[in-house]
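Here are my notes on this one, in the order I'd go through it with you. Have the viewer open as you read.

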Amino acid sequence: MFVAKILLICAAVALVSGNPQILGAPRQLSGADLEQSKRTLQESLTKLAAGEGPNYRISKILSASHQVVAGSLDRYTVELIDSNGQTKVCDVKIWSRTWLPNGIEVTFECPNEEPLVRKHSP
């Protein structure tokens, strides 16, 4: 019974604290966190372009989130510019598991295209 009361008090404090972030849940990014996430996306795009591609540039990040999983998972809705200069809005996921060889997996989901998955080293 004592443990149940402690858990109830902890839950209440978490809700009242103004930051009801649940551990392991996706967190929307803004400010400095969004800028760091943009650098992460740009690093992956640069590494992929130097290898087997695709070759994209960032036009604008519409939304971004970060989630702690087995590693970390960054999700973006982003305007990308392809090698032909065409802009398209895509969902991009970067799953980082830096302890694995080629432990960064990047998935591109763009309209009217098959999902594209590429891996690169950290």
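This is a predicted model: local features need pLDDT of at least 70, side-chain atom pairs count only at pLDDT 80 or more; totals for chains, interfaces and linings use all residues.

1. A term to settle before the sheet: two strands count as paired if DSSP finds at least two bridges between them. Helices (H or I, at least four residues) and strands (E, at least two) are DSSP runs, numbered from the N terminus.

2. Residues are numbered from 1 along each chain as its sequence is written, and side-chain values use heavy atoms, leaving out hydrogens and water.

3. On to the sheet: it is open, with six strands in the order 1-2-3-4-5-6 and antiparallel pairing. At its edges sit strand 1 (27-28) and strand 6, each pairing on one side only.

4. Have a look at strand 3 (residues 71-81), which runs antiparallel to strand 4 and is joined to it by ten bridges. Tyr76 is the residue standing opposite Val92 of strand 4.

5. Helix 2 (residues 31-50) packs on this sheet and touches strand 1, strand 2 (57-69), strand 3, strand 4, strand 5 and strand 6. Contact here means heavy atoms within 4.5 Å. The helix direction makes about 105 degrees with that of strand 2; axes are lines fitted to C-alpha atoms, for helices over the stretch in contact, and angles run from 0 to 180 degrees between N-to-C directions.

6. Lastly, there is one disulfide (cysteine sulfur atoms within 2.5 Å). Cys90 and Cys110 form it, with sulfurs 2.1 Å apart. Cys90 lies in strand 4 (residues 87-96), and Cys110 in the loop between strand 5 (104-109) and strand 6 (116-120). Both cysteines, Cys90 and Cys110, are buried, meaning under 20% relative accessible area (1.4 Å probe, protein chains only).

Definitions and conventions:
Buried means under 20% relative accessible area, exposed over 50%, partly exposed in between (1.4 Å probe, protein chains only).
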